[in-house]
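Welcome! Take a look at the model below, and then we will walk through it together.

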Amino acid sequence: MSLLTHLLACLFGMGSWVSINGLWVELPLIVPQIPEGWYLPSYLSVLIQMANIGPLFVTLMHRFRPGALNEAAVIYLIIGVGTVATFLMGFFWKETVVVGGVPRSVALLVLTFFLATVDCTSSVTFLPFMMRLKTQYLTTYYIGEGVSGLLPALVALIQGVGVVHCINSTQSLNHTMNSSSSVTLDLRAEYQPANFSAEVFFFFLSAMMLVCLLAFLMLNYHPSVAREHPDGRVKEKSQRNRKWAEEKPMMDPFRPENTKRRSGFGAGSYSWAQVVYIFVVLAWVNALTNVVLPSVQSYSCLPYGNNAYHLSATMANVANPLACLIAMFFPIRSLLLMGALTVTGSGVGVYIMAMAVLSPCPLLVNETSGGVIMVLAWILFVLTLSYVKVIIGVILRDEGHSALVWCGAGVQLGSLLGAVTMIPVVNVYYFFSSGDPCNTTCP
């Protein structure tokens, strides 16, 4: 296998969600400087789900007009839009416009919608494009997708975003009855200034999108990459061949010739019951990892202290590409293993959710072991379910191009259902209570 192709596939995958992931980790620095304040995350969640119009359009085109959509052209378009939008974000994220007598961050919200459309649409375009390369490179793509969350988080750590120091706050309490006064000491959480500005961070994200664009160019035109096509052919250009690629898998090494098709899906290797099972697991896993648990991460971790919160966020981002790396050497396609890992990861997710519900006084809140268990829980949760996502990706890649399009649609559907569930619970009914990293007092 070509190391250059592995690197390009990784850089290509990195551009899939790097802009939205970067925006999320930058929120502690952005929120104090805009009129929306901490209502911004709920607005972002709504915008991201509205952006599913992009993958919906692509999926419907693949279903009803196979071959009519130029896949490479769509990818060039969305990466270009992502690059320009993140670059413009560096200039206009603080600009406000008066709407209905109230200042609003219109530029930030509009550019966020474009970024969300780019990232959501990548789920149904980047994965099918990887059909042009051998199966091994799909796992490398997933590593890059994991790095799209890890890299912005590491840069934000270097930037110093969200670093809190607990400072003594003196309060005087006057007692009028005996004209005496007493002084009490309280701890107040104070965010530290960043090492570099949000503008620089957005320019970094724009550079990452540009790297993704260059990687995609090389994946299309570099001669060494062309040799990594499953059948050794150069990229097909005719309309007839693109339509063939929509309807049939380019590579089916795990299905013997003349084997009776078990269903009308993909190569027919799986029965309809198994296909439904795969897509239900896909939607469930992506709902948990993309929306449900991340929306309560601060509630589950902050009661154990700011260090536990930052460690869990960082190590969870490390666990994602690590799971993809493991899958590269152990690409197991067992549906039974997939189910077992899904149950295990979901069980750990139940523990995390339970601690979030109990916030600000979860189990072992005043013990070091409580924070250690929470960090390990986040690592195990992300590790197991990320491996499941790679297993499903490899399985559907063997089923053909259209199967990977539906894989991307399943990812977005699961994320949408998770958001529809969690946005009212977290942002409307305020079901969860935040823990104070400096003043958590529990009986």
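## A serine and its surroundings

Leaving out neighbours within four places in sequence, S300 is in contact (heavy atoms within 4.5 Å) with I352, M355, A356, M374 and W378. This is a predicted model, where local features need pLDDT of at least 70, side-chain atom pairs count only at pLDDT 80 or more, and totals for chains, interfaces and linings use all residues. Residues are numbered from 1 along each chain as its sequence is written, and side-chain values use heavy atoms, with hydrogens and water left out.

S300 sits in helix α14, which covers residues 297–301; helices here are DSSP runs of H or I with at least four residues, strands are E runs of at least two, and both are numbered from the N terminus. S300 counts as buried because its relative accessibility is 0%, where buried means under 20% relative accessible area, exposed over 50% and partly exposed in between, using a 1.4 Å probe and protein chains only. The side chain of S300 also reaches the backbone oxygen of Q297, at 2.9 Å.

## Two cysteines

How many disulfides are there? The count is zero, with a disulfide taken as a pair of cysteine sulfur atoms within 2.5 Å. The sulfur of C10 has its closest cysteine sulfur in C324, but at 9.3 Å that is too far for a bond. C324 is buried, with a relative accessible area of 2%.

## The whole protein

The protein has 18 helices and four strands. Of its 443 residues, 51% count as buried. Among contacts with a separation of 6 or more, 80% come from residues 24 or more positions apart.

Methods: A polar contact is a pair of N or O atoms within 3.5 Å; within protein, one must be able to donate a hydrogen and the other to accept it, and residues adjacent in sequence count only if both atoms are side-chain atoms.
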